[in-house]
Amino acid sequence: MAYSAKIGPSILSSDLSCLGSECVRMMACGADYLHLDVMDGHFVPNITFGHPMVKCLRDSLGEDPFFDMHMMVSRPEQWVKPMAAAGANQYTFHLEATTNPGNLIKEIKESGMKVGLAIKPDTTVEELAPWANQIHMALVMTVEPGFGGQKFMEDMMPKVRWLRSMFPSLDIEVDGGVGPDTIHKCAEAGANMIVSGSAVIGSDDPRSVITLLRTAVADAIQKRSLDR
(Lines give C-alpha, C1' and ligand atoms only; values in the text may rest on other atoms or scores of the structure.)
Protein backbone atom coordinates (compact mmCIF):
# COMPACT_ATOMS: atom_id res chain seq x y z
CA MET A 1 0.00 0.00 0.00
CA ALA A 2 1.39 3.35 -1.08
CA TYR A 3 -0.72 5.57 1.13
CA SER A 4 -0.12 6.72 4.71
CA ALA A 5 -1.95 8.58 7.47
CA LYS A 6 -1.90 12.36 6.99
CA ILE A 7 -3.68 14.98 9.09
CA GLY A 8 -4.48 18.40 7.62
CA PRO A 9 -6.00 21.07 9.83
CA SER A 10 -8.51 23.28 8.04
CA ILE A 11 -7.08 26.72 8.60
CA LEU A 12 -10.43 28.41 8.02
CA SER A 13 -11.29 27.36 11.58
CA SER A 14 -8.43 29.46 12.97
CA ASP A 15 -8.33 33.11 14.01
CA LEU A 16 -8.08 34.65 10.54
CA SER A 17 -6.45 37.79 11.92
CA CYS A 18 -3.45 35.62 12.87
CA LEU A 19 -3.46 33.25 9.90
CA GLY A 20 0.29 32.98 9.39
CA SER A 21 1.05 32.29 13.04
CA GLU A 22 -1.87 29.84 13.24
CA CYS A 23 -0.40 27.89 10.30
CA VAL A 24 2.98 27.83 12.06
CA ARG A 25 1.26 26.62 15.24
CA MET A 26 -0.51 23.78 13.41
CA MET A 27 2.71 22.61 11.73
CA ALA A 28 4.51 22.75 15.08
CA CYS A 29 1.74 20.58 16.55
CA GLY A 30 2.44 17.86 13.99
CA ALA A 31 0.16 18.64 11.04
CA ASP A 32 1.19 16.83 7.87
CA TYR A 33 -0.32 19.44 5.57
CA LEU A 34 -2.59 22.48 5.62
CA HIS A 35 -6.07 22.41 4.10
CA LEU A 36 -7.06 25.77 2.60
CA ASP A 37 -10.72 26.34 1.71
CA VAL A 38 -11.31 28.67 -1.22
CA MET A 39 -14.96 29.70 -1.63
CA ASP A 40 -16.23 32.10 -4.29
CA GLY A 41 -19.78 32.89 -3.16
CA HIS A 42 -21.17 31.12 -6.27
CA PHE A 43 -20.42 27.40 -6.01
CA VAL A 44 -21.03 27.73 -2.28
CA PRO A 45 -22.73 30.66 -0.50
CA ASN A 46 -19.68 31.68 1.53
CA ILE A 47 -16.63 33.73 0.48
CA THR A 48 -13.15 33.17 1.89
CA PHE A 49 -9.84 34.10 0.22
CA GLY A 50 -7.97 33.66 -3.04
CA HIS A 51 -4.48 33.30 -4.46
CA PRO A 52 -3.10 36.61 -3.04
CA MET A 53 -3.62 35.24 0.47
CA VAL A 54 -2.03 31.93 -0.52
CA LYS A 55 1.02 33.76 -1.88
CA CYS A 56 1.35 35.75 1.36
CA LEU A 57 1.20 32.53 3.39
CA ARG A 58 3.77 30.82 1.16
CA ASP A 59 6.13 33.81 1.37
CA SER A 60 5.71 33.90 5.14
CA LEU A 61 5.90 30.16 5.86
CA GLY A 62 8.51 29.07 3.32
CA GLU A 63 8.50 25.91 1.22
CA ASP A 64 7.71 23.35 3.90
CA PRO A 65 3.94 23.32 4.47
CA PHE A 66 2.04 21.33 1.84
CA PHE A 67 -0.93 23.47 0.74
CA ASP A 68 -3.98 21.39 -0.19
CA MET A 69 -6.30 23.86 -1.91
CA HIS A 70 -9.98 22.91 -1.65
CA MET A 71 -11.42 24.92 -4.52
CA MET A 72 -15.12 25.40 -3.82
CA VAL A 73 -15.50 27.60 -6.89
CA SER A 74 -17.78 27.58 -9.90
CA ARG A 75 -14.98 28.02 -12.49
CA PRO A 76 -12.04 25.98 -11.21
CA GLU A 77 -10.23 26.31 -14.57
CA GLN A 78 -9.82 30.04 -13.94
CA TRP A 79 -7.61 29.70 -10.87
CA VAL A 80 -5.17 26.91 -11.76
CA LYS A 81 -2.30 29.12 -12.94
CA PRO A 82 -2.75 31.81 -10.24
CA MET A 83 -2.78 29.18 -7.48
CA ALA A 84 0.27 27.40 -8.90
CA ALA A 85 2.12 30.73 -9.05
CA ALA A 86 1.05 31.51 -5.48
CA GLY A 87 2.66 28.31 -4.19
CA ALA A 88 -0.19 25.80 -3.95
CA ASN A 89 0.88 22.14 -3.91
CA GLN A 90 -2.40 20.37 -4.59
CA TYR A 91 -5.41 21.71 -6.45
CA THR A 92 -8.60 19.97 -5.37
CA PHE A 93 -11.59 20.87 -7.53
CA HIS A 94 -15.20 19.74 -7.40
CA LEU A 95 -16.46 17.34 -10.02
CA GLU A 96 -19.78 19.22 -9.98
CA ALA A 97 -18.08 22.49 -10.98
CA THR A 98 -16.70 21.53 -14.40
CA THR A 99 -17.91 20.02 -17.65
CA ASN A 100 -14.46 18.79 -18.66
CA PRO A 101 -12.63 17.13 -15.75
CA GLY A 102 -10.07 15.51 -18.06
CA ASN A 103 -8.79 18.81 -19.43
CA LEU A 104 -8.69 20.34 -15.96
CA ILE A 105 -6.73 17.39 -14.53
CA LYS A 106 -4.21 17.77 -17.36
CA GLU A 107 -3.89 21.52 -16.80
CA ILE A 108 -3.32 21.11 -13.06
CA LYS A 109 -0.59 18.52 -13.64
CA GLU A 110 1.08 20.69 -16.27
CA SER A 111 1.13 23.57 -13.77
CA GLY A 112 3.18 21.42 -11.39
CA MET A 113 0.52 20.73 -8.78
CA LYS A 114 -1.01 17.47 -7.60
CA VAL A 115 -4.64 16.83 -8.49
CA GLY A 116 -7.46 16.35 -6.00
CA LEU A 117 -11.03 15.62 -7.07
CA ALA A 118 -13.89 16.29 -4.65
CA ILE A 119 -17.51 15.20 -4.59
CA LYS A 120 -20.43 16.66 -2.65
CA PRO A 121 -22.68 14.40 -0.54
CA ASP A 122 -25.33 14.16 -3.29
CA THR A 123 -22.81 13.07 -5.95
CA THR A 124 -22.34 9.34 -6.37
CA VAL A 125 -18.86 7.89 -6.01
CA GLU A 126 -19.30 6.12 -9.35
CA GLU A 127 -19.22 9.54 -11.05
CA LEU A 128 -15.71 10.06 -9.69
CA ALA A 129 -14.49 6.59 -10.63
CA PRO A 130 -13.58 7.27 -14.31
CA TRP A 131 -11.02 9.84 -13.17
CA ALA A 132 -9.60 7.99 -10.17
CA ASN A 133 -6.54 6.64 -11.98
CA GLN A 134 -5.63 10.14 -13.23
CA ILE A 135 -5.72 11.96 -9.88
CA HIS A 136 -3.58 11.95 -6.75
CA MET A 137 -6.40 12.25 -4.21
CA ALA A 138 -10.17 11.82 -3.97
CA LEU A 139 -12.06 13.97 -1.47
CA VAL A 140 -15.35 12.64 -0.12
CA MET A 141 -17.21 15.50 1.55
CA THR A 142 -18.79 14.44 4.84
CA VAL A 143 -20.79 17.67 5.10
CA GLU A 144 -22.28 20.03 2.53
CA PRO A 145 -19.39 22.25 1.40
CA GLY A 146 -19.43 25.90 2.33
CA PHE A 147 -19.66 26.17 6.09
CA GLY A 148 -17.72 24.84 9.07
CA GLY A 149 -19.15 23.25 12.18
CA GLN A 150 -21.66 20.93 10.46
CA LYS A 151 -22.55 17.46 11.68
CA PHE A 152 -20.56 14.55 10.24
CA MET A 153 -22.52 12.52 7.67
CA GLU A 154 -21.79 8.89 8.47
CA ASP A 155 -23.75 7.76 5.41
CA MET A 156 -20.84 8.97 3.24
CA MET A 157 -18.61 6.15 4.55
CA PRO A 158 -19.75 3.59 1.93
CA LYS A 159 -18.28 5.93 -0.72
CA VAL A 160 -14.93 5.86 1.06
CA ARG A 161 -15.12 2.09 1.48
CA TRP A 162 -15.92 1.60 -2.21
CA LEU A 163 -13.08 3.85 -3.35
CA ARG A 164 -10.60 2.05 -1.09
CA SER A 165 -11.67 -1.35 -2.44
CA MET A 166 -11.55 -0.25 -6.08
CA PHE A 167 -8.42 1.95 -5.90
CA PRO A 168 -6.30 0.48 -3.09
CA SER A 169 -3.37 2.92 -3.34
CA LEU A 170 -5.35 6.15 -3.84
CA ASP A 171 -5.14 8.93 -1.26
CA ILE A 172 -8.69 9.35 0.06
CA GLU A 173 -9.54 12.47 2.02
CA VAL A 174 -12.58 13.19 4.19
CA ASP A 175 -13.64 16.70 5.14
CA GLY A 176 -16.42 17.88 7.42
CA GLY A 177 -17.25 17.15 11.03
CA VAL A 178 -14.20 14.92 11.48
CA GLY A 179 -12.67 14.74 14.96
CA PRO A 180 -11.97 12.31 17.79
CA ASP A 181 -15.62 11.16 17.90
CA THR A 182 -15.85 10.33 14.18
CA ILE A 183 -12.28 9.45 13.14
CA HIS A 184 -12.64 5.69 13.68
CA LYS A 185 -15.52 5.50 11.20
CA CYS A 186 -13.40 7.33 8.61
CA ALA A 187 -10.30 5.26 9.28
CA GLU A 188 -12.13 1.94 9.17
CA ALA A 189 -13.79 2.90 5.88
CA GLY A 190 -10.36 3.55 4.34
CA ALA A 191 -9.77 7.31 4.50
CA ASN A 192 -6.11 8.25 5.03
CA MET A 193 -6.09 12.03 4.58
CA ILE A 194 -8.05 13.65 7.37
CA VAL A 195 -9.21 17.25 7.28
CA SER A 196 -10.21 18.53 10.70
CA GLY A 197 -11.08 22.10 11.57
CA SER A 198 -12.55 23.05 14.91
CA ALA A 199 -11.72 19.68 16.54
CA VAL A 200 -8.01 20.41 16.07
CA ILE A 201 -7.68 24.16 15.94
CA GLY A 202 -10.25 24.82 18.66
CA SER A 203 -8.67 22.28 20.99
CA ASP A 204 -6.67 23.23 24.07
CA ASP A 205 -4.12 20.64 22.95
CA PRO A 206 -4.03 20.42 19.13
CA ARG A 207 -0.94 18.18 19.19
CA SER A 208 -2.73 15.44 21.13
CA VAL A 209 -5.77 15.62 18.82
CA ILE A 210 -3.59 15.38 15.70
CA THR A 211 -1.75 12.42 17.26
CA LEU A 212 -5.05 10.71 18.12
CA LEU A 213 -6.37 11.17 14.57
CA ARG A 214 -3.15 9.93 12.96
CA THR A 215 -2.92 6.90 15.26
CA ALA A 216 -6.49 5.86 14.44
CA VAL A 217 -5.77 6.03 10.70
CA ALA A 218 -2.37 4.33 10.96
CA ASP A 219 -3.88 1.49 13.01
CA ALA A 220 -6.63 0.99 10.42
CA ILE A 221 -4.07 0.96 7.57
CA GLN A 222 -1.99 -1.62 9.39
CA LYS A 223 -5.05 -3.79 10.06
CA ARG A 224 -6.06 -3.57 6.41
CA SER A 225 -2.62 -4.69 5.28
CA LEU A 226 -2.68 -7.64 7.68
CA ASP A 227 -6.16 -8.66 6.50
CA ARG A 228 -5.13 -8.83 2.84
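Mentor: Pro9 counts as buried, at 0% relative accessibility; buried means under 20% relative accessible area, exposed over 50%, and partly exposed in between, with a 1.4 Å probe and protein chains only. This is a predicted model, in which local features need pLDDT of at least 70, side-chain atom pairs count only at pLDDT 80 or more, and totals for chains, interfaces and linings use all residues. Residues are numbered from 1 along each chain as its sequence is written, and side-chain values use heavy atoms, with hydrogens and water left out.

Trainee: Which element is Pro9 in?
Mentor: Strand S1, residues 6-9. Strands are DSSP runs of E with at least two residues, helices are runs of H or I with at least four, and both are numbered from the N terminus.

Trainee: And what is Pro9 in contact with, leaving aside neighbours within four places in sequence?
Mentor: Among others, Met26, Tyr33, His35, Ser196 and Ile210. Contact means heavy atoms within 4.5 Å.

Trainee: Is Glu77 buried or partly exposed?
Mentor: Glu77 is partly exposed, with a relative accessible area of 33%. Glu77 is found in the loop between strand S3 (67-72) and helix H3 (80-86).

Trainee: What does Glu77 touch?
Mentor: Thr98, Leu104 and Glu107, not counting residues up to four places away in sequence. The C-alpha atoms of Glu77 and Asn103 are separated by 9.1 Å, at 26 residues apart along the chain.

Trainee: Changing topic, how many residues are in the largest nonpolar core?
Mentor: That core has 66 residues, and Leu36, Met69, Cys186 and Ile194 have the most contacts inside it. A nonpolar core is a set of buried Ala, Val, Leu, Ile, Met, Phe, Trp, Tyr and Cys residues joined through side-chain atoms within 4.5 Å.

Trainee: Which helix gives the most to this core?
Mentor: Helix H9 (residues 206-227), with seven residues. A second, separate core of eight residues includes Ala118, Leu139, Met141 and Met193.

Trainee: What does Leu36 touch?
Mentor: Residues up to four places away in sequence aside, its partners include Ile11, Phe49, Phe67 and Met69.

Trainee: Now the whole chain: how many helices and strands?
Mentor: Nine helices and eight strands. The radius of gyration is 16 Å, close to the 17 Å from the globule rule for 228 residues, so the protein is as compact as a globular protein of that length. The radius is taken over C-alpha atoms, and the rule is 2.2 Å times the number of residues to the power 0.38.

Trainee: What share of the residues is buried?
Mentor: Buried residues make up 52% of the 228.
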